[in-house]
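My notes are below the view.

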Amino acid sequence: MDIQNLIITNSKLSIIIISFLVSLFITVIRYFMVDKEKMKSMKEKQKALREEMKQYKNNPEKMMEINQKMLEDMPEQMKQSFKPMIITLIPILIIFAWMRSIYTLTDIANTWLWWYIVSSLIFSIILNKVFGMQ
């Protein structure tokens, strides 16, 4: 029995396994590429600024000033999140093209993407906790 027939006969299980492997791949790449200390300090700073915003909710000028401080970290946060995305984008596009061609032949042809999304979300949450990537 070749791999394609195995996938077709066990379509739900295979999509769950594939979503786990893809989630693991993305999480491992993010784990090694993102500066966790820098991201943690930026998140703490953002949290402190949000708390400060709550104190000045009736002062629009102060709110704008705090909002400006919050926006200062955005380029660095984007840079940190784009690094792993650049590396994972091409392999994931190839995997999705392959999955689309395979799963159109299965009993879950109309819902394979939903199966992938739900299982991938679950695995991503679990793997992020395991790797400490909140």
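The entries cover the core first, then the rings, then the charges over rings.

**Ground rules.** I worked on a predicted model, where local features need pLDDT of at least 70, side-chain atom pairs count only at pLDDT 80 or more, and totals for chains, interfaces and linings use all residues. I numbered residues from 1 along each chain as its sequence is written, and side-chain values use heavy atoms, with hydrogens and water left out.

I took helices as DSSP runs of H or I, at least four residues, numbered from the N terminus.

Which residues does Val-22 contact, leaving aside its neighbours within four places in sequence? I found Ile-92, Ile-95 and Tyr-116. Contact here is heavy atoms within 4.5 Å.

**Rings.** I found 6 aromatic pairs in the structure. Rings of Phe, Tyr and Trp (its six-membered ring) pair if their centres lie within 6.5 Å; planes under 30 degrees apart are stacked, over 60 edge-to-face, the rest tilted.

I checked Tyr-31 and Phe-131. Their ring centres are 5.4 Å apart and their planes at 65°, so this pair is edge-to-face. Tyr-31 is in helix 2 and Phe-131 in helix 6, 100 residues apart. Tyr-31 is partly exposed at 29% relative accessible area, and Phe-131 is partly exposed at 24%. My cut-offs: buried is under 20% relative accessible area, exposed over 50%, partly exposed in between (1.4 Å probe, protein chains only).

Next I took Phe-96 and Tyr-116. Their centres are 4.9 Å apart with planes at 80°, so this pair is also edge-to-face. Phe-96 lies in helix 5 and Tyr-116 in helix 6, so the pair ties together parts 20 residues apart in sequence. Phe-96, Tyr-103, Trp-112 and Tyr-116 form one aromatic cluster.

**Charges over rings.** I counted NZ of Lys or CZ of Arg within 6 Å of the ring centre and within 35 degrees of the ring normal. Lys-36 lies over the face of Tyr-31, 4.3 Å from the ring centre. The charged end of Lys-62 sits over the ring of Tyr-56, at 5.3 Å from its centre.

Note on methods: Helix = DSSP H or I, 4+ residues; strand = E, 2+ residues; numbered from the N terminus.
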